Amino acid sequence: GAASRWAERGLLEVTPGDVLDYDVVQRRIEEDDREMSVEAIGFDPWAATQLSTTLYSQGLPMVKVRQGYASMSAPLKRMKSLVYMRDLGHDNPIADWCVDNLAVARDPSGNVKPDKSKSGEKIDLVAALVTAMSQAMIFDAEREAREDPGVGFLV
């Protein structure tokens, strides 16, 4: 199927067995942390696992990102604008497949969040991207505040 083709192209790392091997995931995150300057690893505290606890105990920058409207709306809207501008900087059929599957829940105030219950197939990559986008937006705002600390303050 599609997953086999994605794995053959090196786009998808498959763990042995019928279920996700969290030890493999942990080793990959640790490798990425050594190779890159990881500022934050967002995770859903509702679905917190032994993996997130272990990574936190190792000193990795684990950040709880709730999956509600308040935390998901702005990053999902930002990601949507990047998708429309075709500016995600990828050529990844898995991301395209997840975006195509995405259904969005909307509250009365117009806030949005991914809706797994109404999405056609898997949207895990989109949920992960939105979680990562939430952290990137925080870091961007903090960097802008450092670069121009006078903005937003009356003296």
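## Overall layout

From the N terminus on, the elements of the protein run α-α-β-α-β-α-α-β-β-α. That order comprises six helices and four strands. The model is a predicted one.

The C-alpha atoms fill a box of roughly 60 × 35 × 30 Å, taken along the principal axes. The protein has 155 residues, and buried residues make up 26% of them. Sequence separation gives another view of the fold. Take the contacts between residues at least 6 apart in sequence: 52% of these join residues at least 24 apart.

## Helices α2 and α3 side by side

Helix α2 spans residues 22-35, and helix α3 spans residues 50-57. Their axes come within 11 Å and cross at roughly 30 degrees. Angles under 35 degrees count as roughly parallel, so α2 is roughly parallel to α3. The crossing of the two helices is right-handed.

Which residues meet where α2 and α3 touch? From α2 come Tyr 22, Val 25, Gln 26 and Ile 29. From α3 come Leu 51, Thr 54 and Leu 55. The contact is made by five nonpolar residues, two polar ones and no charged ones.

Helix α3 has a buried side. Leu 51, Ser 52, Thr 54 and Leu 55 are its buried residues. Seen down the axis of α3, they fall within an arc of 160 degrees, so they line one face of the helix. An α-helix has 3.6 residues a turn, so residues three or four places apart point the same way.

What covers the buried residues of α3? The cover includes helix α2, strand β1 (41-43) and strand β2 (62-64).

## The exposed face of α3

The face of α3 turned away from the buried side carries the exposed residues Gln 50, Tyr 56 and Ser 57. Tyr 56 lies in helix α3. Its relative accessibility is 58%, and it counts as exposed. Along the chain, Tyr 56 and Ile 41 are 15 residues apart. Their C-alpha atoms are separated by 9.6 Å.

Gln 50 is also found in helix α3. At 58% relative accessibility, Gln 50 counts as exposed. Gln 50 and Glu 30 stand 20 residues apart in sequence. In space, they are 15 Å apart, C-alpha to C-alpha.

Where does Trp 46 sit? Its place is in the loop between β1 and α3. Is Trp 46 buried or exposed? Trp 46 counts as exposed, at 81% relative accessibility. The cut-off for exposed is over 50%.

Trp 46 can also be placed relative to Arg 66. These two residues are 20 apart in sequence. From C-alpha to C-alpha, Trp 46 and Arg 66 are 7.4 Å apart in space.

## Helix α5 and its packing

Helix α5 covers residues 93-101. Ile 94, Ala 95, Cys 98 and Asn 101 are buried in this helix. Seen down the axis of α5, the buried residues fall within an arc of 125 degrees, so they line one face of the helix.

What do the buried residues of α5 pack against? Their partners are helix α1 (2-8) and helix α6 (124-147).

## Asn 111 between two strands

Asn 111 has its place in the loop between β3 (104-106) and β4 (112-114). Asn 111 is partly exposed, with a relative accessible area of 26%. Buried would mean under 20%.

Which residues does Asn 111 contact, leaving aside its neighbours within four places in sequence? They are Tyr 69, Ser 73, Ala 105 and Arg 106. Asn 111 and Val 99 are 12 residues apart in sequence. In space, they are 18 Å apart, C-alpha to C-alpha.

Terms used: Residues numbered from 1 in each chain as written. Predicted model: local features only at pLDDT ≥ 70, side-chain atom pairs only at ≥ 80, totals over all residues. Heavy atoms only, no water. Axes fitted to C-alpha atoms, helices over the stretch in contact; angles between N-to-C directions. Parallel < 35°, antiparallel > 145°, perpendicular 65-115°, else oblique. Left-handed = near helix turned anticlockwise from the far one by under 90°. Contact = heavy atoms within 4.5 Å. Nonpolar A, V, L, I, M, F, W, Y, C, P; charged D, E, K, R; others polar. Buried < 20%, exposed > 50% of the residue type's maximum accessible area, 1.4 Å probe, protein only. Arc of directions from axis to C-beta.
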